[in-house]
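User: Here is a model to go through. Please keep the answers brief.

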Amino acid sequence: MAAKKFPNAPAHPERVCWGCDLYCLAKDMRCGNGSDRTPHPVELFGEDWAQWGAEAPEEAAGGGPTATDPSAS
């Protein structure tokens with residue numbers, strides 16, 4: 001069974017718990033202990049949350065110098 005596609009900009013993200021693939025209503029969470037719902041990234045980081053890191057510099061994606069790299073010292 002495939003996981004549900006994660007929506008980038010849901011209409012009412014505050015109505016759903018985004019903590020797992022069940023996407024339960026905030027008032028009817030089935031997977032957790034029922035204390036709090038997991039917010040959607042758009043609620044935490046804003047409308048452009050999906051673009052973060054998309055334009056990372058090439059050297060940052062490489063991981064940086066290692067201990068065996070002579071230029072590291």
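User: Is W18 buried or exposed?

Analyst: This is a predicted model: local features need pLDDT of at least 70, side-chain atom pairs count only at pLDDT 80 or more, and totals for chains, interfaces and linings use all residues. Residues are numbered from 1 along each chain as its sequence is written, and side-chain values use heavy atoms, without hydrogens and water. Buried means under 20% relative accessible area, exposed over 50%, and partly exposed in between (1.4 Å probe, protein chains only). W18 has a relative accessible area of 11%, so W18 is buried.

User: How many aromatic pairs does the structure hold?

Analyst: Rings of Phe, Tyr and Trp (its six-membered ring) pair if their centres lie within 6.5 Å. Planes under 30 degrees apart count as stacked, over 60 as edge-to-face, and the rest as tilted. By that rule, the number of aromatic pairs is five.

User: What kind of pair do F6 and W18 form?

Analyst: Their ring centres are 5.7 Å apart. The planes meet at 75°, so the F6 and W18 pair is edge-to-face.

User: How many residues apart are F6 and W18?

Analyst: Both F6 and W18 sit in the segment before α1 (41–45). The pair links distant parts of the chain, and the separation is 12 residues.

User: What kind of pair do F45 and W52 form?

Analyst: F45 is partly exposed at 43% relative accessibility, and W52 is exposed at 52%. The ring centres lie 5.0 Å apart, with planes at 55°, so the F45 and W52 pair is tilted.

User: Which residues do ring pairs link into a cluster?

Analyst: F6 is partly exposed, with a relative accessible area of 31%. Ring pairs join F6 into a cluster, and its members are F6, W18, Y23 and W49.

Notes
Helix = DSSP H or I, 4+ residues; strand = E, 2+ residues; numbered from the N terminus.
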